[in-house]
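This briefing goes through a few local features of one protein chain. Keep the structure in view while reading.

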Amino acid sequence: MAIRFLTSGESHGEKLNAIIEGIPQGFELDFEFINSELSARQGGTGRGGRMQIEKDKIKINSGVRFSKTTASPIAIEIKNKDWQNWIYPMSVEKINFDEFDEKLKLEIIEKINEKKITKLRPAHADLAGVIKYDFDDIRYVLERSSARETTTRVAIGAIAQNILKYYNILFSSEVISIGECTDKKNFKTYIENHQKQGDSLGGIIKITIKNTPIGLGSFVHWDKRLDGKLAQAMMSIPAVKSVEIGLGKEYANHSGSKVHDEIYRDEEKFYHKTNNSGGIEGGMSNGEDIVITIAMKPIPTMKKALKSVEIKTHKKTQAHFERADNCAVKACGVVARNMAAIIILDLFLEKFGKDCKRDIDTAFLNYQKRINEI
Ligand code: EPS
């Protein structure tokens, strides 16, 4: 792997952090672009009250000098503005109650208890999470399993997109459907109607990557295949339940002669007139647009609470509800295009060099020259 990263941070903790290793020297970063991806992730009809509080912005603490990458590890942080409201319930340190007068002490205890969760939410990480880690409060699971964590991934992906733009590799995402609604004009009302009923929605998203050079990924080993890597990245996004490349599962309904993309060559390049393969053949990019379709399940946290169980008493109850989105499909698309950018950058650097922009530029141009001569 050319690049690797680790993220940390709880939804209502003080900050979200990440360290990215392997970004080459010499790329000027466009902070405005990175922040515009962060604010795109916050958008869309159906987002909850939290999005009114946060104005996600990247802060880079290392690995960049005068806006240019230095090849050193890049440390980033994004502040949780909402932290002010969660200082005590999410405190890292033990709370010393002696510091407070009786009234304040009671207020803090009440706040902590209020935030304690014991009613399992079906379809979330709650049940398996509390059992696996031996917790008596779902808060411990909820905080890290929250989709808030995708903020850091978008920031890293935006850095990747920023670098890939130098080579004209471009990423976009589009919402295809929300629940059963396929008419874009009606998405807003459809989501708002479900919101009024306290219900949540998922949907289908298409991610397109343009101008990927031929040959990213490889057929030589199972874990080098581009489609495999993209599928893992997509499925790692909370609530994503299926990934298709190109024609996807529809391939199974047709004979080969009807669906496989024939190969042509003109003065300039090899090409296909159709793109059912979604730009990937034999685990490698084939030069056509890479097209990924993902499905997101409806968000599990709902006002219209499902039947559930209380973790301590085992009593029947209704699932816990706290502030949540009722639809985050558009945001999921932003996360997906940025996760795709991380994978593409990783494979791009593996192919064209890992250290500095000038060497990568040369390798990239030489490769294009060689392809043109075939
Ligand atoms: C999210 C922040 C969270 C949720 C949502 C995504 O903020 P809060 O819990 O404070 O309202 O809105 O989290 C979930 C969908 C989830 O399942 O936990 C964000 O920044 O995207």
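At what angle do helix α6 and helix α10 pack, and how far apart are their axes? Helix α6 (residues 150–165) and helix α10 (residues 329–352) pack at an angle of about 50°, with axes 7 Å apart. The model is predicted, so local features need pLDDT of at least 70 and side-chain atom pairs pLDDT 80 or more, while totals for chains, interfaces and linings use all residues. Residues are numbered from 1 along each chain as its sequence is written, and side-chain values use heavy atoms, without hydrogens and water.

**Helix packing**
- The crossing of α6 and α10 is left-handed (the near helix is turned anticlockwise from the far one by less than a right angle).

**Loop residues**
- Pro122 lies in the loop between α3 (102–115) and α4 (126–133).
- Pro122 counts as partly exposed because its relative accessibility is 27% (buried is under 20%, exposed over 50%, partly exposed in between, with a 1.4 Å probe and protein chains only).
- Between the C-alpha atoms of Pro122 and Glu93, 29 residues apart along the chain, the separation is 31 Å.
- Ala123 lies in the loop between α3 and α4 and has a positive phi of about 75°, although it is not a glycine.
- Asp134, in the loop between α4 and α5 (139–145), has a positive phi near 60°.
- Most residues other than glycine have a negative phi.
- Asp134 is exposed because its relative accessible area is 69%.

Definitions and conventions:
Axes fitted to C-alpha atoms, helices over the stretch in contact; angles between N-to-C directions. Helix = DSSP H or I, 4+ residues; strand = E, 2+ residues; numbered from the N terminus.
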